[in-house]
Amino acid sequence: MADLLVLGANQVALGDMLFILISFIILALLVKHFAWGPVTKMMDARSEKITGDLDYADQERTRAEKLAKEREDALKNSRAEAVEIVNKAKESGETQKKSIISNAHSEAEDLRQRAKSDAAKAREDAMADAQNDIANLSLEIASKVISKELNADDQKSLIDSYIKELTANETK
């Protein structure tokens with residue numbers, strides 16, 4: 001009996017072949033009718049989702065590039081504004097510096113002129129005082145000389161007394 005089974009396994013009957021072929025065709029039709037539609041719909045939906053995701057990613061990339069360009073432009077503008085502000089501050093500082101120097105020079109010139117006029121007035125006052133002192137001294141000497149005849153010792157003592165009076169008047 002084992003021999004018959006081995007012989008039957010080696011020979012495939014035409015009926016079996018037809019049965020397998022018909023079963024395969026029926027199975028393929030059933031798969032096409034029940035499974036092929038949902039699988040294709042699922043694959044189409046997946047394809048549309050991937051396409052939508054790629055489009056969305058492309059739009060977001062474009063938007064990100066646009067924002068990056070705007071930020072870069074804003075950064076360039078802010079740098080230019082900062083340079084402009086610094087330049088204006090430098091110009092303002094230079095203007096203030098020139099104004100301060102000009103004011104200092106004019107004040108120094110005013111002080112120098114006042115000092116000159118004060119020195120000239122002091123010199124004139126000193127000269128007037130000296131003239132008055134000399135005139136008074138001359139008058140006193142002349143009146144004393146006239147009032148008495150002087151010999152050499154008297155003249156020397158008179159001059160010494162006048163010098164002492166002058167030094168006493170200067171210390172006052």
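Does E84 count as buried, partly exposed or exposed, and at what relative accessibility? E84 counts as partly exposed, at 44% relative accessibility, where buried means under 20% relative accessible area, exposed over 50%, and partly exposed in between (1.4 Å probe, protein chains only). This is a predicted model, in which local features need pLDDT of at least 70 and side-chain atom pairs count only at pLDDT 80 or more, while totals for chains, interfaces and linings use all residues. Residues are numbered from 1 along each chain as its sequence is written, and side-chain values use heavy atoms, with hydrogens and water left out.

**Architecture and surface**

- The protein contains three helices and zero strands, and its elements run α-α-α from the N terminus on; helices (H or I, at least four residues) and strands (E, at least two) are DSSP runs, numbered from the N terminus.
- Helix α2 comprises residues 14-147.
- Of the 172 residues, 2% count as buried.
- The accessible surface comes to about 15600 Å², and 62% of this belongs to carbon and sulfur atoms; accessible areas come from the Shrake-Rupley method with a 1.4 Å probe, and for residues only the protein chains shown count as cover.

**Salt bridges**

- The count comes to eight salt bridges, each defined as a side-chain nitrogen of Lys or Arg within 4 Å of a carboxyl oxygen of Asp or Glu.
- K49 pairs with D53, with the closest N and O atoms 3.1 Å apart; the two are separated by about one helical turn because they lie four residues apart in helix α2.
- K49 is partly exposed at 46%, and D53 is partly exposed at 42%.
- E84 meets K88 in a salt bridge of 3.4 Å, N to O, and these residues are likewise four apart in helix α2.
- E109 and R112 form a salt bridge with closest N and O atoms 2.5 Å apart; being three residues apart in helix α2, they are separated by about one helical turn.
- Salt bridges that share partners join D58, R61 and E65 into one network.

**Surface patches**

- Patches are made of residues with over 30% relative accessible area and no salt bridge, with like charges joined within 9 Å and nonpolar side chains (Val, Leu, Ile, Met, Phe, Trp, Tyr) within 5 Å.
- A nonpolar patch of about 1200 Å² has L14, M17, L18 and F34 among its members; L18 lies in helix α2 and is partly exposed at 47% relative accessibility.
- E124, D125, D129 and D133 form a negative patch, Asp and Glu being counted as negative and the charge placed at CG of Asp or CD of Glu.
- D133, in helix α2, is partly exposed at 46% relative accessibility.
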